[in-house]
Amino acid sequence: HSAAHMVLLGQSSRPPLLAVPPTAAADLLGGSGRAKIVWSQLRDGRDPFEESSGLGHKARHALELAFSAQPPHSLLTSTVSACGTRKLLLRLRRGDEVEAVIIPQGAFSTLCVSSQVGCRQGCTFCATGTMGLLRSLAADEILAQLHAAAAAVRQHGMPPLRNVVFMGMGEPADNVEEVSRALHAMVHPFGFQLGRSYVCVSTVGPSPGHIRALEPLPARLAWSVHAADDRLRRLLVPTTRHRMRELRDAWGETLQARADRGLMAEVTLIDGVNDGADAAASLHGLLAPLPGKTRVNLIPYNANAGLGAAGRLFRPAQPEAVRAFQRRLLDRGLICTVRTPRGNEESSACGMLRVEHAKGSRASRGDLASSVSDEFKEADTARMQ
């Protein structure tokens, strides 16, 4: 074998740095001080293997012996919208492509991350649903998106990252073990040092069991409801196999077990489909029994020409219908906000940039289903965790 081949073999036998929990990294590097220096570099989106990392000779040698120096990702494309939203398309170590979106919000930025390549839930209004599930991401591949975003924030002078939402490609509940590992590194005091109340995992809630498995996650939880009516829910989320009340009751148990102050519920509003008075009344009836203060986030749908047969028929809910829907929920005592679409001109819908890159073409517009600025602003004054 050539010397270069032997080096590659040696690298492949060592774990990626982001794959090892911060406390375990301290053991491998010979002390917590070295680990803190390494993780401070990772938090800034830098490469700890570089000469400028601040590591001494012995610490660098320990780093090279313990971990693979192969970069966790490569940046394929980076697009920015007029509002400053920046979308990154990354190629991971195994050659898969995932996307992450950075949304500047005043003094801070929110990062939307992917938990899978594709998704098996098949939501009819979602670009990722057209891909099917290719595979689930490992924890270090989820963290690689945070590392890449930290680099982009630093390089482009964006507000610092404070919030992370699992609202990109994939269903987090279908990959809960790796999502959990990633979350623990995100909130670890040696790791990315994020506050638990500023990290959110959003799920369609595939089954009661999937929902209960989210109970120990160190993050806020959100339910992508989209429709309270069972028949309509199956139209929008074709993989729905349980009655919405069954899923709601599982959420109630989970929230009580977490001593949670309340659930975030998300609804993508589509013209003439789920934006009427009956849909609002059904949604209130579904969510009212949940413990704590439930917060409903209404997401005005944006037309996407790249969806399947059903999705191509969808149109955005009219602004007056969105306002009326919100008012009906507010009048019934639910907290309800309307999400401001961000980055639409850059096709920032979940999965859109990745789908377009694979096809070599651009779709017209997309809905950025990852901006939860209103919910995180509330966390400044009323922590949910």
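A crossing of two helices is right-handed if the near helix is turned clockwise from the far one by less than a right angle, and left-handed if anticlockwise. I wrote that down before looking at the helix pairs in this predicted model.

**Entry 1: H5 and H6**

I started with H5, residues 139-156, and H6, residues 176-187. Their axes lie 8 Å apart, and the packing angle is about 45 degrees. That angle makes H5 oblique to H6. I noted the crossing of H5 past H6 as right-handed. On the H5 side I listed Ala139, Ile142, Leu143 and Leu146 as the residues making the contact. From H6 the contact takes in Glu178, Val179, Arg181, Ala182, Ala185 and Met186. Sorted by class, I have 8 nonpolar and 2 charged residues in the contact of H5 with H6, and no polar ones.

**Entry 2: the largest pocket**

I then looked up the largest pocket, whose volume is about 450 Å³. I found 28 residues in its lining. Nearest the centre of the largest pocket lie Gly45, Arg46, Pro72, His73 and His147. Which element gives the most to the lining of the largest pocket? I found that H5 does, with 7 residues. Strand E1 (73-80) and strand E2 (86-92), like H5, each supply at least two residues of this lining. By class, I recorded 15 nonpolar, 9 polar and 4 charged residues for the lining of the largest pocket.

**Entry 3: H2 and H3**

Next I took H2, residues 22-29, with H3, residues 32-43. I noted an angle of about 120 degrees between them and axes 7 Å apart. That makes H2 oblique to H3. H2 passes H3 in a right-handed crossing. Where H2 meets H3, I listed Pro22, Ala25, Ala26 and Leu29 from H2. The H3 residues they meet are Ser32, Arg34, Ala35, Val38 and Trp39. I sorted the contact of H2 with H3 into 7 nonpolar residues, 1 polar and 1 charged.

**Entry 4: H10 and H12**

Last I checked H10, residues 277-287, against H12, residues 319-331. The two pack at about 35 degrees, and their axes are 9 Å apart. Is the crossing of H10 past H12 left-handed or right-handed? I have it as right-handed. Ala277, Ala279, Ala280, Leu283 and His284 are the H10 residues that meet H12. In H12 they meet Phe325, Arg328 and Leu329. I counted the contact of H10 with H12 by class as 6 nonpolar, 1 polar and 1 charged.

Note on methods
Residues are numbered from 1 along each chain as its sequence is written. This is a predicted model: local features need pLDDT of at least 70, side-chain atom pairs count only at pLDDT 80 or more; totals for chains, interfaces and linings use all residues. Side-chain values use heavy atoms; hydrogens and water are left out. Axes are lines fitted to C-alpha atoms, for helices over the stretch in contact, and angles run from 0 to 180 degrees between N-to-C directions. Helices (H or I, at least four residues) and strands (E, at least two) are DSSP runs, numbered from the N terminus. Angles under 35 degrees count as roughly parallel, over 145 as roughly antiparallel, 65 to 115 as roughly perpendicular and the rest as oblique. Contact means heavy atoms within 4.5 Å. Ala, Val, Leu, Ile, Met, Phe, Trp, Tyr, Cys and Pro count as nonpolar, Asp, Glu, Lys and Arg as charged, and the others, Gly among them, as polar. On a 1 Å grid over the protein atoms alone, a cavity is a set of points where a 1.4 Å probe fits but cannot get out, and a pocket is an open set with protein on both sides within 12 Å along at least five of seven lines; lining residues have an atom within 4 Å of a point. Grid points are joined across faces, edges and corners, and a volume is the space filled by probe spheres set on the points.
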